[in-house]
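Visitor: Hi! Could you walk me through this fold?
Guide: Happy to, let's have a look together.

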Amino acid sequence: MGAALALAARGRGRTSPNPSVGCVIVGDGRIVGRGWTQPGGRPHAEAMALAQAGEGARGSTAYVTLEPCAHQSARGPACADLLVAAGVARVVAGSGDPDPRTDGKGLARLAAAGIATTSGVRAEEARTAMAGFLTRLSQGRPHVTLKLATSLDGCIARADGESRWITGAEARAHAHLERSRHEAILVGRGTWEIDRPALDVRLRGREARAPQRVVLSSRSDRLPNADGVTVIAAPGAIAGLPGDHLFVEGGAGAASAFLAADLVDRLLLYRAPILIGGGRPALGDIGLGALGEAHGRWRLTDARQLGSDRLEVYERVRCSPGS
């Protein structure tokens, strides 16, 4: 399942409206097929892995991060049917599929054909890998990642606005990798007008994966140099943006607005080992009524060193969808 999860990560930000799924087929003690959801959502991971496995799929075990789909589509057959036709003996799924068109029907169809099934293997990791799809399905909006790059004292720039560069090359390269995994990237109007950011992906081999550029602006006058840019007036308008993953990158006003609206699902905090003092803070007012409201909202999920900088990744703790 670990290998299937790694394969699923390859498609993140490119498979909407379908989830990014990974599949590994094991026969006679070796991997005979691998697959992941392709750009645009087709072929599905199972179809790709089965095509690679060929006759080697008969009697094999398929490890897939999401319950195989059971619904028919003009874009391709149901994966549950493909697995049955291939003669797979066992299917291990990371997570059930909450899409009402499948939701248990895929595993049931496999079981009815005599295929052994297991579900819930590394389920939390599987759900994390499909966070964009699940957020769109449950809340009708993309999954939102907020990036903050700060000094040790929480500044994103000097008082005069100078901000290049707070973090080093390794941290900036990681941020570009994150950009490539999102369909859309957003900055505030102030950042757009002052910094003129390209908002592209500057990593060899991933240049074509630059996300759609979005600017948050409550003003009605025309945004300068806005060809090909989507403008939204408020964070709540993100439901209409393309894809299932939105990367909010700057500046303090946009970051604060999304936090105040409780629309941030994941936080990337890059911290450089520098002190600025008297600089521009990373955040403004985010609507907290009391200090107690700040506790218990964020869970640390990853931490690593990127050159001289420190990255911490947090996920929003939500008791139930939309909470």
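Visitor: Okay, what is the order of strands in the open sheet of eight?
Guide: That open sheet runs S10-S9-S8-S11-S6-S12-S15-S14, with mixed pairing. Helices (H or I, at least four residues) and strands (E, at least two) are DSSP runs, numbered from the N terminus, and two strands pair if DSSP finds at least two bridges between them.

Visitor: Which strands stand at the edges?
Guide: Strand S10 (230–232) and S14 do; each has a single partner strand, so one side of each is left without a neighbour in the sheet. The twist averages 25 degrees from one strand to the next. For such angles, axes are lines fitted to C-alpha atoms, for helices over the stretch in contact, and angles run from 0 to 180 degrees between N-to-C directions.

Visitor: Before I go on, where does this model come from?
Guide: This is a predicted model, where local features need pLDDT of at least 70, side-chain atom pairs count only at pLDDT 80 or more, and totals for chains, interfaces and linings use all residues. Residues are numbered from 1 along each chain as its sequence is written, and side-chain values use heavy atoms, with hydrogens and water left out.

Visitor: Got it. Is strand S15 (residues 309–316) mostly covered or mostly open?
Guide: Mostly covered: seven of the eight residues in S15 are buried. Buried means under 20% relative accessible area, exposed over 50%, and partly exposed in between (1.4 Å probe, protein chains only).

Visitor: And how many bridges join S14 to S15?
Guide: Eight, and those two strands run antiparallel. Trp298 has Arg316 in S15 as its bridge partner, while Arg304 stands opposite Leu311 in S15. Their hairpin has two residues between the strands, and Gly307 there takes a positive phi near 65 degrees.

Visitor: What about S12 and S15, how do they pair?
Guide: Strand S12 (residues 266–271) pairs with S15 in the antiparallel sense, over six bridges. Tyr270 is found opposite Leu311 in S15.

Visitor: Which strands does H7 touch?
Guide: H7 packs on the sheet and touches S6, S8, S11, S12, S14 and S15. Its direction makes about 160 degrees with that of S12. Contact here means heavy atoms within 4.5 Å.

Visitor: And which residues of helix H9 (residues 252–260) are buried?
Guide: Those are Ala254, Ala255, Ser256, Phe258 and Leu259. They pack against several strands, including strand S6 (143–150), strand S9 (212–216) and strand S11 (245–250). Asp262 follows H9, and its phi is positive, near 55 degrees.

Visitor: Changing topic: where is Trp165?
Guide: Trp165 sits in the loop between strand S7 (155–157) and helix H7 (169–180). With 53% relative accessibility, Trp165 counts as exposed. Trp165 and Ala272 are 107 residues apart in sequence, and 9.8 Å apart in space, C-alpha to C-alpha.

Visitor: Now the open sheet of five strands, what is its order?
Guide: Its order is S2-S1-S3-S4-S5, again with mixed pairing. Strand S2 (30–36) and strand S5 (116–119) are the edge strands, each pairing on one side only. Neighbouring strands in this sheet are turned by 15 degrees against each other on average, direction ignored.

Visitor: How do S4 and S5 run?
Guide: Parallel, with four bridges joining strand S4 (residues 90–95) to S5. Val92 has Thr118 as its bridge partner in S5.

Visitor: Is Ser60 buried or exposed?
Guide: Ser60 is buried, with a relative accessible area of 1%. You'll find Ser60 in the loop between helix H2 (45–53) and S3. Not counting residues up to four places away in sequence, Ser60 touches Ile25, Val26, Gly27, Gly87, Val88, Ala89 and Arg90.

Visitor: Last one: how do H2 and H3 cross?
Guide: The axes of H2 and helix H3 (residues 79–86) come within 9 Å and cross at roughly 20 degrees. H2 and H3 are therefore roughly parallel to each other; angles under 35 degrees count as roughly parallel, over 145 as roughly antiparallel, 65 to 115 as roughly perpendicular and the rest as oblique. The contact is made by Glu46, Ala47 and Leu50 of H2 with Cys79, Leu82, Leu83 and Ala86 of H3.
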